[in-house]
Amino acid sequence: MKLAKLSLAAIVVAGLASSSFAESTTLADAFKNGKVNGELRAWYFNRDNGTATENIFNTGVDLTYVTDSLYGLSLGLTMQSNYSPFANNAEKTMYTSDMYGSGAVLSEAYIQYQIGKTTAKVGRQYIATPLVNGSGSRMIKEAFEGAVIVNTDIPSTTLFGGYADKFQGRTTNIDKTLTDKTASDIGEFKKTAVFYGAGTTAGSNVFGFDGAYTMGAINNSISNLTLTAQYLYVNDVSKLDGTVLGDANGFYGEGNYVLPLSNMKVILDAGYRGSRTTSVLDTAHLEGDMFQARVGFKELAGFGASFAYSTVSSDQSVLLGAGNGPTTYTAPLIKAAEVTSGANTDAYKVEATYDFSKVGVVGLKVLGQYVYVDQDAVTGTVFNGVAAKTKNKFWEGQVSYDIPNLKGLTLSLEYENATKEVANADVDSNEMRFRANYKF
(Lines give C-alpha, C1' and ligand atoms only; values in the text may rest on other atoms or scores of the structure.)
Protein backbone atom coordinates (compact mmCIF):
# COMPACT_ATOMS: atom_id res chain seq x y z
CA MET A 1 0.00 0.00 0.00
CA LYS A 2 1.42 3.37 -0.99
CA LEU A 3 1.00 6.47 1.09
CA ALA A 4 0.60 8.74 -1.93
CA LYS A 5 -3.10 9.39 -2.54
CA LEU A 6 -4.51 10.27 -5.93
CA SER A 7 -7.28 12.82 -6.20
CA LEU A 8 -10.68 11.33 -6.93
CA ALA A 9 -10.48 12.81 -10.42
CA ALA A 10 -7.23 10.98 -11.08
CA ILE A 11 -8.73 7.75 -9.75
CA VAL A 12 -11.65 8.06 -12.18
CA VAL A 13 -9.33 8.37 -15.15
CA ALA A 14 -7.06 5.57 -13.96
CA GLY A 15 -9.97 3.30 -13.12
CA LEU A 16 -12.04 3.78 -16.24
CA ALA A 17 -9.67 4.68 -19.06
CA SER A 18 -8.27 1.90 -21.19
CA SER A 19 -4.70 0.79 -21.55
CA SER A 20 -2.92 1.37 -24.84
CA PHE A 21 -1.73 -1.72 -26.66
CA ALA A 22 -0.39 -2.13 -30.15
CA GLU A 23 -3.15 -3.23 -32.48
CA SER A 24 -3.10 -6.93 -33.43
CA THR A 25 -4.22 -8.08 -36.85
CA THR A 26 -5.57 -11.55 -35.99
CA LEU A 27 -7.51 -13.04 -33.10
CA ALA A 28 -4.67 -15.45 -32.40
CA ASP A 29 -2.22 -12.55 -32.13
CA ALA A 30 -4.57 -10.64 -29.84
CA PHE A 31 -4.51 -13.52 -27.34
CA LYS A 32 -0.82 -14.31 -27.86
CA ASN A 33 0.20 -10.67 -27.32
CA GLY A 34 -1.98 -10.25 -24.25
CA LYS A 35 -0.44 -9.24 -20.95
CA VAL A 36 -0.52 -11.05 -17.62
CA ASN A 37 0.14 -9.48 -14.24
CA GLY A 38 -0.65 -10.50 -10.73
CA GLU A 39 -0.09 -10.10 -7.02
CA LEU A 40 0.71 -12.44 -4.13
CA ARG A 41 -0.68 -11.32 -0.77
CA ALA A 42 -0.12 -12.23 2.87
CA TRP A 43 -2.08 -10.06 5.32
CA TYR A 44 -2.43 -10.13 9.10
CA PHE A 45 -5.15 -8.13 10.88
CA ASN A 46 -5.62 -7.75 14.63
CA ARG A 47 -8.79 -6.10 16.00
CA ASP A 48 -9.87 -5.16 19.52
CA ASN A 49 -13.44 -3.86 19.24
CA GLY A 50 -13.79 -3.04 22.92
CA THR A 51 -15.40 -6.34 23.90
CA ALA A 52 -13.19 -8.95 22.20
CA THR A 53 -9.80 -9.22 20.55
CA GLU A 54 -9.24 -11.45 17.54
CA ASN A 55 -6.79 -11.70 14.66
CA ILE A 56 -6.81 -13.27 11.23
CA PHE A 57 -4.13 -14.28 8.72
CA ASN A 58 -5.04 -14.30 5.03
CA THR A 59 -3.22 -15.34 1.89
CA GLY A 60 -4.33 -14.78 -1.67
CA VAL A 61 -3.39 -14.60 -5.34
CA ASP A 62 -4.69 -12.08 -7.88
CA LEU A 63 -4.20 -12.75 -11.60
CA THR A 64 -5.14 -10.41 -14.46
CA TYR A 65 -5.00 -11.13 -18.18
CA VAL A 66 -5.83 -8.54 -20.86
CA THR A 67 -5.68 -9.38 -24.56
CA ASP A 68 -4.13 -7.12 -27.13
CA SER A 69 -6.51 -4.92 -29.09
CA LEU A 70 -8.12 -6.28 -32.25
CA TYR A 71 -10.08 -3.67 -34.24
CA GLY A 72 -10.46 -1.75 -31.00
CA LEU A 73 -11.75 -4.77 -29.04
CA SER A 74 -10.03 -6.42 -26.09
CA LEU A 75 -10.91 -8.90 -23.34
CA GLY A 76 -9.98 -8.56 -19.67
CA LEU A 77 -10.11 -11.17 -16.88
CA THR A 78 -9.17 -10.89 -13.21
CA MET A 79 -9.32 -13.69 -10.65
CA GLN A 80 -9.12 -13.00 -6.92
CA SER A 81 -8.58 -15.62 -4.22
CA ASN A 82 -8.57 -15.57 -0.43
CA TYR A 83 -7.71 -18.19 2.20
CA SER A 84 -7.61 -18.03 6.00
CA PRO A 85 -5.86 -21.29 6.88
CA PHE A 86 -5.63 -20.85 10.66
CA ALA A 87 -8.87 -19.03 11.53
CA ASN A 88 -10.87 -20.40 14.46
CA ASN A 89 -14.61 -19.87 14.94
CA ALA A 90 -14.23 -16.70 17.02
CA GLU A 91 -11.99 -15.14 14.38
CA LYS A 92 -14.31 -16.21 11.58
CA THR A 93 -17.26 -14.59 13.37
CA MET A 94 -15.50 -11.25 13.96
CA TYR A 95 -14.24 -11.00 10.37
CA THR A 96 -17.19 -12.69 8.67
CA SER A 97 -18.35 -9.67 6.66
CA ASP A 98 -15.00 -8.34 5.49
CA MET A 99 -11.96 -10.67 5.72
CA TYR A 100 -13.05 -14.28 6.30
CA GLY A 101 -14.30 -15.84 3.10
CA SER A 102 -12.33 -18.60 1.43
CA GLY A 103 -12.36 -19.36 -2.27
CA ALA A 104 -11.81 -17.69 -5.63
CA VAL A 105 -13.94 -15.39 -7.77
CA LEU A 106 -13.74 -14.02 -11.32
CA SER A 107 -14.08 -10.35 -10.40
CA GLU A 108 -13.35 -8.99 -13.87
CA ALA A 109 -14.63 -10.48 -17.11
CA TYR A 110 -15.23 -7.66 -19.58
CA ILE A 111 -15.18 -6.74 -23.23
CA GLN A 112 -13.65 -3.36 -23.97
CA TYR A 113 -14.02 -1.36 -27.17
CA GLN A 114 -12.07 1.76 -28.05
CA ILE A 115 -12.77 4.03 -30.97
CA GLY A 116 -11.07 7.40 -31.19
CA LYS A 117 -11.23 9.00 -27.76
CA THR A 118 -14.14 6.90 -26.55
CA THR A 119 -13.77 3.71 -24.52
CA ALA A 120 -16.61 1.38 -23.51
CA LYS A 121 -16.24 -1.53 -21.09
CA VAL A 122 -19.02 -4.09 -20.54
CA GLY A 123 -19.09 -6.91 -17.98
CA ARG A 124 -17.63 -7.51 -14.55
CA GLN A 125 -15.14 -4.82 -13.65
CA TYR A 126 -13.58 -2.64 -10.98
CA ILE A 127 -15.01 0.88 -10.89
CA ALA A 128 -13.35 3.80 -9.11
CA THR A 129 -15.35 7.04 -9.17
CA PRO A 130 -16.37 9.38 -6.34
CA LEU A 131 -19.91 7.93 -6.03
CA VAL A 132 -19.38 4.38 -7.32
CA ASN A 133 -16.23 2.86 -5.89
CA GLY A 134 -15.31 -0.65 -4.85
CA SER A 135 -13.03 -0.75 -1.82
CA GLY A 136 -9.73 -2.60 -2.02
CA SER A 137 -8.81 -2.33 1.66
CA ARG A 138 -9.65 -6.01 2.32
CA MET A 139 -8.35 -9.17 0.67
CA ILE A 140 -11.22 -9.22 -1.82
CA LYS A 141 -11.66 -6.02 -3.80
CA GLU A 142 -15.27 -5.10 -4.50
CA ALA A 143 -16.44 -5.14 -8.11
CA PHE A 144 -19.52 -4.31 -10.20
CA GLU A 145 -21.25 -5.92 -13.17
CA GLY A 146 -22.44 -3.48 -15.81
CA ALA A 147 -21.13 -1.04 -18.39
CA VAL A 148 -18.92 2.07 -18.32
CA ILE A 149 -18.13 4.57 -21.07
CA VAL A 150 -15.44 7.28 -21.06
CA ASN A 151 -14.93 10.06 -23.62
CA THR A 152 -12.18 12.71 -23.88
CA ASP A 153 -13.13 14.47 -27.15
CA ILE A 154 -13.73 17.80 -25.40
CA PRO A 155 -10.37 19.45 -24.67
CA SER A 156 -9.27 19.18 -21.03
CA THR A 157 -12.47 17.28 -20.20
CA THR A 158 -13.27 13.67 -19.36
CA LEU A 159 -16.91 12.59 -19.55
CA PHE A 160 -17.99 9.27 -18.07
CA GLY A 161 -21.17 7.32 -17.52
CA GLY A 162 -22.08 3.89 -16.27
CA TYR A 163 -24.69 1.34 -15.31
CA ALA A 164 -24.41 -1.50 -12.77
CA ASP A 165 -26.93 -4.24 -12.02
CA LYS A 166 -24.86 -6.48 -9.71
CA PHE A 167 -22.28 -6.01 -6.96
CA GLN A 168 -19.57 -8.32 -5.63
CA GLY A 169 -18.86 -7.77 -1.96
CA ARG A 170 -15.96 -8.92 0.18
CA THR A 171 -17.69 -12.07 1.47
CA THR A 172 -21.00 -13.87 1.06
CA ASN A 173 -21.89 -12.74 4.57
CA ILE A 174 -21.74 -9.03 3.77
CA ASP A 175 -25.48 -8.75 4.46
CA LYS A 176 -25.07 -10.61 7.79
CA THR A 177 -27.98 -12.95 7.02
CA LEU A 178 -26.12 -16.23 7.59
CA THR A 179 -27.13 -18.03 10.77
CA ASP A 180 -23.70 -19.64 10.98
CA LYS A 181 -21.26 -16.71 10.87
CA THR A 182 -18.34 -19.10 10.37
CA ALA A 183 -19.74 -20.35 7.04
CA SER A 184 -18.93 -17.22 5.04
CA ASP A 185 -17.29 -17.66 1.63
CA ILE A 186 -15.73 -15.31 -0.87
CA GLY A 187 -17.95 -12.55 -2.27
CA GLU A 188 -20.37 -13.31 -5.11
CA PHE A 189 -22.07 -11.09 -7.70
CA LYS A 190 -25.61 -10.36 -6.52
CA LYS A 191 -28.33 -7.75 -6.87
CA THR A 192 -27.41 -6.68 -3.35
CA ALA A 193 -24.99 -3.82 -2.80
CA VAL A 194 -23.36 -1.73 -0.12
CA PHE A 195 -24.65 1.83 -0.10
CA TYR A 196 -21.97 3.49 1.94
CA GLY A 197 -22.55 6.07 4.63
CA ALA A 198 -24.48 6.49 7.83
CA GLY A 199 -25.94 3.10 8.64
CA THR A 200 -28.07 1.70 11.42
CA THR A 201 -24.95 1.13 13.50
CA ALA A 202 -22.89 3.95 12.01
CA GLY A 203 -21.81 1.65 9.18
CA SER A 204 -22.76 0.69 5.67
CA ASN A 205 -26.29 -0.01 4.47
CA VAL A 206 -26.79 -3.25 2.51
CA PHE A 207 -29.84 -3.20 0.23
CA GLY A 208 -31.16 -4.87 -2.86
CA PHE A 209 -31.41 -2.71 -5.97
CA ASP A 210 -32.66 -2.90 -9.54
CA GLY A 211 -29.99 -1.05 -11.48
CA ALA A 212 -27.77 1.94 -10.67
CA TYR A 213 -26.93 4.69 -13.18
CA THR A 214 -24.22 7.33 -13.00
CA MET A 215 -22.71 10.12 -15.07
CA GLY A 216 -19.96 12.63 -14.42
CA ALA A 217 -17.34 14.99 -15.78
CA ILE A 218 -13.78 16.04 -14.95
CA ASN A 219 -12.38 19.32 -16.27
CA ASN A 220 -8.79 20.62 -16.22
CA SER A 221 -9.13 23.65 -18.50
CA ILE A 222 -7.96 26.07 -15.79
CA SER A 223 -4.28 25.70 -14.99
CA ASN A 224 -3.63 23.77 -11.73
CA LEU A 225 -7.39 23.37 -11.08
CA THR A 226 -9.38 20.14 -11.42
CA LEU A 227 -13.17 20.26 -11.24
CA THR A 228 -15.23 17.07 -10.81
CA ALA A 229 -18.99 16.48 -10.78
CA GLN A 230 -20.99 13.25 -10.61
CA TYR A 231 -24.59 12.07 -10.24
CA LEU A 232 -25.81 8.64 -9.12
CA TYR A 233 -29.34 7.21 -9.37
CA VAL A 234 -30.22 3.88 -7.72
CA ASN A 235 -33.53 2.32 -8.79
CA ASP A 236 -35.86 0.39 -6.47
CA VAL A 237 -33.76 0.18 -3.32
CA SER A 238 -35.20 -2.72 -1.33
CA LYS A 239 -34.88 -4.61 1.91
CA LEU A 240 -33.15 -7.97 1.77
CA ASP A 241 -36.59 -9.63 1.84
CA GLY A 242 -37.44 -7.86 -1.44
CA THR A 243 -39.65 -5.07 -0.04
CA VAL A 244 -39.09 -2.02 -2.25
CA LEU A 245 -38.36 1.15 -0.27
CA GLY A 246 -37.89 3.70 -3.04
CA ASP A 247 -35.11 5.28 -5.09
CA ALA A 248 -31.88 6.97 -4.02
CA ASN A 249 -29.93 9.82 -5.60
CA GLY A 250 -26.36 10.87 -4.92
CA PHE A 251 -24.59 14.12 -5.82
CA TYR A 252 -20.89 15.00 -5.83
CA GLY A 253 -18.88 18.12 -6.65
CA GLU A 254 -15.22 18.87 -6.00
CA GLY A 255 -12.52 21.39 -6.83
CA ASN A 256 -8.82 20.59 -6.38
CA TYR A 257 -6.28 23.40 -6.74
CA VAL A 258 -2.52 22.86 -6.61
CA LEU A 259 -0.30 25.94 -6.33
CA PRO A 260 3.29 25.10 -7.35
CA LEU A 261 5.92 27.05 -5.45
CA SER A 262 9.70 26.91 -5.74
CA ASN A 263 10.16 24.33 -2.98
CA MET A 264 6.73 22.77 -2.47
CA LYS A 265 3.14 22.54 -3.66
CA VAL A 266 0.19 24.05 -1.80
CA ILE A 267 -3.09 22.12 -2.03
CA LEU A 268 -6.56 23.65 -1.67
CA ASP A 269 -9.56 21.32 -1.94
CA ALA A 270 -13.29 21.85 -1.49
CA GLY A 271 -16.09 19.33 -1.95
CA TYR A 272 -19.79 18.61 -1.63
CA ARG A 273 -21.67 15.33 -1.15
CA GLY A 274 -25.43 14.96 -0.93
CA SER A 275 -28.16 12.32 -1.13
CA ARG A 276 -31.89 12.41 -1.77
CA THR A 277 -34.44 9.60 -1.52
CA THR A 278 -38.07 8.82 -2.36
CA SER A 279 -41.02 6.92 -0.88
CA VAL A 280 -40.38 4.90 2.29
CA LEU A 281 -36.71 5.82 2.24
CA ASP A 282 -37.67 9.42 3.07
CA THR A 283 -38.32 8.36 6.67
CA ALA A 284 -34.75 7.06 6.94
CA HIS A 285 -33.42 10.63 7.07
CA LEU A 286 -30.91 10.10 4.25
CA GLU A 287 -31.37 13.48 2.55
CA GLY A 288 -28.32 15.15 3.99
CA ASP A 289 -25.65 17.48 2.65
CA MET A 290 -21.96 17.33 3.46
CA PHE A 291 -19.55 20.21 2.87
CA GLN A 292 -15.83 19.67 3.25
CA ALA A 293 -12.57 21.53 2.75
CA ARG A 294 -8.86 20.78 2.99
CA VAL A 295 -5.68 22.86 2.93
CA GLY A 296 -2.12 21.62 3.03
CA PHE A 297 1.23 21.25 1.31
CA LYS A 298 3.36 18.46 -0.15
CA GLU A 299 6.85 17.87 -1.54
CA LEU A 300 8.57 20.15 0.98
CA ALA A 301 11.90 18.34 1.40
CA GLY A 302 9.90 15.10 1.63
CA PHE A 303 7.31 16.45 4.05
CA GLY A 304 3.57 16.89 3.56
CA ALA A 305 0.77 18.03 5.85
CA SER A 306 -2.92 18.92 5.66
CA PHE A 307 -5.90 20.01 7.73
CA ALA A 308 -9.43 18.99 6.72
CA TYR A 309 -12.93 19.77 7.96
CA SER A 310 -16.36 18.37 7.07
CA THR A 311 -19.88 19.08 8.30
CA VAL A 312 -23.22 17.34 7.71
CA SER A 313 -26.82 18.61 7.88
CA SER A 314 -28.26 18.85 11.39
CA ASP A 315 -31.16 16.42 10.81
CA GLN A 316 -30.24 14.31 7.75
CA SER A 317 -27.45 11.78 7.13
CA VAL A 318 -25.60 11.30 3.84
CA LEU A 319 -25.27 8.18 1.71
CA LEU A 320 -21.79 8.55 0.24
CA GLY A 321 -22.30 6.23 -2.72
CA ALA A 322 -22.24 2.60 -3.89
CA GLY A 323 -19.52 0.29 -2.62
CA ASN A 324 -17.28 0.79 0.41
CA GLY A 325 -14.85 2.96 -1.57
CA PRO A 326 -16.37 6.48 -1.45
CA THR A 327 -14.47 8.63 1.01
CA THR A 328 -14.32 12.05 2.65
CA TYR A 329 -11.49 14.43 3.47
CA THR A 330 -11.88 13.67 7.17
CA ALA A 331 -12.13 9.87 6.92
CA PRO A 332 -9.97 7.95 9.42
CA LEU A 333 -7.35 5.66 7.93
CA ILE A 334 -8.92 2.38 9.10
CA LYS A 335 -12.43 3.13 10.34
CA ALA A 336 -12.96 5.12 7.13
CA ALA A 337 -15.65 7.57 6.04
CA GLU A 338 -18.72 5.99 7.64
CA VAL A 339 -18.23 7.85 10.95
CA THR A 340 -18.14 11.24 9.22
CA SER A 341 -21.46 10.99 7.33
CA GLY A 342 -24.06 10.95 10.09
CA ALA A 343 -26.54 13.78 10.70
CA ASN A 344 -25.30 16.72 12.75
CA THR A 345 -21.65 15.65 12.48
CA ASP A 346 -18.55 17.83 12.37
CA ALA A 347 -15.21 16.15 11.69
CA TYR A 348 -11.62 17.39 11.74
CA LYS A 349 -8.48 15.70 10.47
CA VAL A 350 -4.80 16.59 10.77
CA GLU A 351 -2.38 14.56 8.64
CA ALA A 352 1.39 14.57 8.21
CA THR A 353 3.56 12.53 5.83
CA TYR A 354 7.25 12.05 5.12
CA ASP A 355 9.08 10.39 2.23
CA PHE A 356 12.44 9.01 3.40
CA SER A 357 13.79 8.88 -0.16
CA LYS A 358 14.82 12.50 0.48
CA VAL A 359 17.42 11.19 2.95
CA GLY A 360 18.47 8.20 0.86
CA VAL A 361 16.02 5.52 2.06
CA VAL A 362 14.19 4.87 -1.19
CA GLY A 363 10.68 3.44 -0.93
CA LEU A 364 10.06 4.19 2.76
CA LYS A 365 7.13 6.48 3.63
CA VAL A 366 5.29 7.26 6.84
CA LEU A 367 1.95 8.87 7.66
CA GLY A 368 0.34 10.05 10.87
CA GLN A 369 -3.24 11.22 11.46
CA TYR A 370 -5.46 12.58 14.17
CA VAL A 371 -9.22 12.60 13.49
CA TYR A 372 -11.89 14.07 15.74
CA VAL A 373 -15.57 13.39 14.93
CA ASP A 374 -18.27 15.20 16.91
CA GLN A 375 -21.93 14.23 16.41
CA ASP A 376 -24.54 16.14 18.38
CA ALA A 377 -27.80 14.50 19.44
CA VAL A 378 -30.25 13.84 16.62
CA THR A 379 -33.88 13.28 17.49
CA GLY A 380 -35.87 10.67 15.61
CA THR A 381 -33.36 9.64 12.97
CA VAL A 382 -33.20 6.01 11.96
CA PHE A 383 -29.81 5.76 10.27
CA ASN A 384 -26.92 6.72 12.53
CA GLY A 385 -29.20 8.71 14.79
CA VAL A 386 -27.94 9.18 18.34
CA ALA A 387 -29.85 10.10 21.46
CA ALA A 388 -26.85 11.79 23.06
CA LYS A 389 -23.74 13.59 21.96
CA THR A 390 -21.14 11.21 20.47
CA LYS A 391 -17.43 11.89 20.10
CA ASN A 392 -14.93 9.73 18.21
CA LYS A 393 -11.18 10.25 18.39
CA PHE A 394 -8.70 8.41 16.18
CA TRP A 395 -4.90 8.29 16.44
CA GLU A 396 -3.48 6.55 13.37
CA GLY A 397 -0.21 5.74 11.69
CA GLN A 398 1.05 3.99 8.59
CA VAL A 399 4.48 2.83 7.44
CA SER A 400 4.99 1.64 3.86
CA TYR A 401 8.18 0.26 2.32
CA ASP A 402 8.69 -0.62 -1.35
CA ILE A 403 11.80 -2.78 -1.02
CA PRO A 404 14.29 -1.56 -3.67
CA ASN A 405 16.23 -4.83 -3.97
CA LEU A 406 13.04 -6.87 -4.39
CA LYS A 407 11.14 -4.97 -7.03
CA GLY A 408 7.40 -5.45 -6.66
CA LEU A 409 7.48 -6.31 -2.94
CA THR A 410 5.75 -3.84 -0.60
CA LEU A 411 5.39 -4.12 3.16
CA SER A 412 2.98 -1.89 5.07
CA LEU A 413 1.80 -1.55 8.64
CA GLU A 414 -1.24 0.44 9.81
CA TYR A 415 -2.41 1.08 13.34
CA GLU A 416 -5.46 2.85 14.75
CA ASN A 417 -6.39 3.69 18.32
CA ALA A 418 -10.00 4.84 18.61
CA THR A 419 -12.02 6.21 21.50
CA LYS A 420 -15.80 6.56 21.29
CA GLU A 421 -17.47 8.66 23.96
CA VAL A 422 -21.25 8.43 24.39
CA ALA A 423 -22.94 10.02 27.41
CA ASN A 424 -19.53 10.50 29.06
CA ALA A 425 -18.69 6.78 28.80
CA ASP A 426 -15.58 5.85 26.82
CA VAL A 427 -15.21 2.75 24.64
CA ASP A 428 -11.68 2.11 23.37
CA SER A 429 -10.82 0.01 20.33
CA ASN A 430 -7.65 -0.76 18.41
CA GLU A 431 -6.82 -2.24 15.06
CA MET A 432 -3.56 -3.22 13.39
CA ARG A 433 -3.14 -4.26 9.76
CA PHE A 434 0.02 -5.71 8.23
CA ARG A 435 0.25 -6.34 4.50
CA ALA A 436 2.91 -8.01 2.38
CA ASN A 437 2.20 -7.65 -1.35
CA TYR A 438 4.32 -8.86 -4.26
CA LYS A 439 3.33 -7.63 -7.72
CA PHE A 440 4.58 -9.33 -10.86
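Asn220 sits in the loop between E13 and strand E14 (225–238). The model described here is predicted. With a relative accessible area of 40%, Asn220 is partly exposed. Leaving aside residues up to four places away in sequence, Asn220 touches Ser156, Leu225 and Thr226. Ser156 is 64 residues from Asn220 in sequence, yet the two C-alpha atoms are 5.0 Å apart in space.

**Salt bridges**

The whole structure contains 15 salt bridges. Three of them are set out below.

| Asp98 | Arg138 | 3.0 Å |

The side chains of Asp98 and Arg138 meet in a salt bridge. Asp98 lies in the loop between helix H3 (89–94) and strand E6 (103–115), and Arg138 in the loop between strand E7 (118–125) and strand E8 (143–151), so this pair ties together parts that are 40 residues apart in sequence. Asp98 counts as buried at 7% relative accessibility, and Arg138 is buried as well, at 11%.

Glu299 belongs to strand E17 (residues 289–300) and Lys265 to strand E16 (residues 265–277), and the pair links parts of the chain 34 residues apart. Here both partners are partly exposed: Glu299 has a relative accessibility of 48%, and Lys265 has a relative accessible area of 29%.

Arg435 and Glu414 are both buried. Salt bridges with shared partners also join Arg47, Asp98, Arg138, Glu431 and Arg433 into one network.

**Arginines over rings**

**Aromatic pairs**

There are 15 aromatic pairs in the structure. One of them is formed by Tyr163 and Tyr213, which are tilted, with 4.9 Å between ring centres and 50 degrees between the planes. Tyr163 lies in strand E9 (residues 157–168) and Tyr213 in strand E13 (residues 212–219), so the pair ties together parts 50 residues apart in sequence. Tyr163 is partly exposed, with a relative accessible area of 30%, and Tyr213 is partly exposed at 41%.

Phe303 and Tyr354 make another tilted pair, 4.4 Å centre to centre and with 45 degrees between the planes. Phe303 is in strand E18 (residues 303–312) and Tyr354 in strand E20 (residues 345–355), and the pair links these distant parts of the chain, 51 residues apart. Phe303 is partly exposed, with a relative accessible area of 45%, whereas Tyr354 counts as buried at 13%.

Which residues do ring pairs link into a cluster? The cluster consists of Tyr163, Tyr213 and Tyr233.

**A nonpolar surface patch**

Val36, Leu40, Leu63, Tyr438 and Phe440 make a nonpolar surface patch of about 450 Å². Leu63, one of these residues, is located in strand E3 (residues 53–66). Its relative accessible area is 36%, and Leu63 is therefore partly exposed.

How values were computed. Residues numbered from 1 in each chain as written. Predicted model: local features only at pLDDT ≥ 70, side-chain atom pairs only at ≥ 80, totals over all residues. Heavy atoms only, no water. Phe/Tyr/Trp six-rings, centres within 6.5 Å; stacked < 30°, edge-to-face > 60°. Helix = DSSP H or I, 4+ residues; strand = E, 2+ residues; numbered from the N terminus. Buried < 20%, exposed > 50% of the residue type's maximum accessible area, 1.4 Å probe, protein only. Patch = residues over 30% accessible without salt bridge, like charges linked within 9 Å, V, L, I, M, F, W, Y side chains within 5 Å. Areas by Shrake-Rupley, 256 points an atom, 1.4 Å probe, with all protein chains shown as cover. Salt bridge = Lys/Arg side-chain N within 4 Å of Asp/Glu carboxyl O. Contact = heavy atoms within 4.5 Å.
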